[in-house]
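I opened the model and kept notes as I went. The entries below follow the order of my look-ups.

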Amino acid sequence: MTMTPPPWHRPHIQCHRAVEPGVAPAAVPSPGTVVPGPNGDTVVYVGDRWTATAEETHSLAAVLRHARTITLVGSLSAGRPARQALYDAWSAVRKAERAAARPPAPPVRGLCGQPRRDGLPCTQRSGWGADDPDGPCRYHGGSTAVREQRREELVAQTELWVELTTRARTGPLSPAENLALLVAERAVRTASREGWLR
Ligand SMILES: [Zn+2]
């Protein structure tokens with residue numbers, strides 16, 4: 001049985017301009033002080049200016065994550081950016097958690113399964129058009145003939161890329177050459193990403 005955590009609700013944040021009127025400035029807690037109250041209503045002192053680093057903001061966001069409401073006490077020019085920084089920190093954490101919770105697609109027996117250009121696993125049959133019936137498909141390194149052809153293309157594109165980048169140092173390239181450079185660069189990058197440059 002898998003345990004599903006209860007849904008998380010972003011705490012409500014309000015800004016409070018001043019401490020109580022008549023409180024001596026020396027009695028105001030220093031910026032960053034967190035005072036947990038009853039029922040998860042938490043007070044955070046933010047001072048006159050919000051100067052927390054990203055790291056400090058993330059630790060504060062982690063501490064405050066399960067508060068019900070948060071009152072930021074200080075000047076508005078501290079409270080508003082603090083509120084935004086907390087919202088941003090929680091969004092980043094939530095995004096990372098959702099990404100981590102997504103299970104990686106298990107390799108499916110009988111399918112190629114190699115990463116495609118879009119990052120998803122290839123759904124072509126194992127060994128389709130390839131030398132090894134249980135290996136990757138023809139397009140994902142399974143065919144010696146295709147591999148050789150791609151290697152030749154890659155060598156040509158790499159040579160072209162070197163030639164054009166060298167020439168670009170001495171003068172402007174024509175639009176057609178610029179396009180060719182772009183195509184060559186992309187071919188080299190793709191090959192590198194897919195492991196063709198081993
Ligand atoms: Zn494939």
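**Fold overview**

I counted the elements and found four helices and four strands in the chain. The model is a predicted one. Reading along the sequence, I noted the pattern β-β-β-α-β-α-α-α. I then checked burial: of the 198 residues in the chain, 12% are buried. Next came the contacts between residues at least 6 apart in sequence. Of these, 49% join residues at least 24 apart.

**Nonpolar core**

I looked up the largest nonpolar core and got twelve residues. They are Ile13, Val44, Val46, Trp50, Leu60, Ala67, Ile70, Leu72, Val73, Ala78, Ala82 and Leu86. Strand 3 (41-47), strand 4 (69-74) and helix 2 (76-101) each give two or more residues to this core.

Leaving out residues up to four places away in sequence, Val46 touches Pro31, Leu72, Val73, Gly74, Ala78, Gly79 and Ala82.

**Helix 1 against helix 2**

I describe two packed helices by the angle between their axes and the distance between the axes. For helix 1 (residues 54-64) and helix 2, the angle is about 80 degrees and the axes are 9 Å apart. Helix 1 is therefore roughly perpendicular to helix 2. I listed the contact residues by side. Helix 1 brings Thr57, His58, Leu60, Ala61 and Leu64. Helix 2 brings Ala85, Leu86, Ala89 and Trp90. By type, the contact has seven nonpolar residues, two polar and no charged.

**Asn39**

I went to the loop between strand 2 (34-36) and strand 3, where Asn39 lies. The phi of Asn39 is near 60 degrees, a positive value in a residue other than glycine. Is Asn39 buried or exposed? I found 9 C-beta neighbours inside 10 Å, so Asn39 counts as exposed. The cut-off for exposed is 12 or fewer.

**Ser143**

My last stop was the loop between helix 2 and helix 3 (144-168), which holds Ser143. Ser143 has 21 other C-beta atoms within 10 Å, so this residue is buried. The cut-off for buried is 20 or more. Which residues is Ser143 in contact with, leaving aside neighbours within four places in sequence? I got Gly129, Ala130, Asp131 and Arg138. I also took the C-alpha separation of Ser143 and Gly129, which is 7.0 Å. These two residues are 14 residues apart along the chain.

How values were computed:
Residues are numbered from 1 along each chain as its sequence is written. This is a predicted model: local features need pLDDT of at least 70, side-chain atom pairs count only at pLDDT 80 or more; totals for chains, interfaces and linings use all residues. A nonpolar core is a set of buried Ala, Val, Leu, Ile, Met, Phe, Trp, Tyr and Cys residues joined through C-beta atoms within 7 Å. Two residues are in contact if their C-beta atoms, placed from the backbone, lie within 7 Å. Axes are lines fitted to C-alpha atoms, for helices over the stretch in contact, and angles run from 0 to 180 degrees between N-to-C directions. Angles under 35 degrees count as roughly parallel, over 145 as roughly antiparallel, 65 to 115 as roughly perpendicular and the rest as oblique. Ala, Val, Leu, Ile, Met, Phe, Trp, Tyr, Cys and Pro count as nonpolar, Asp, Glu, Lys and Arg as charged, and the others, Gly among them, as polar.
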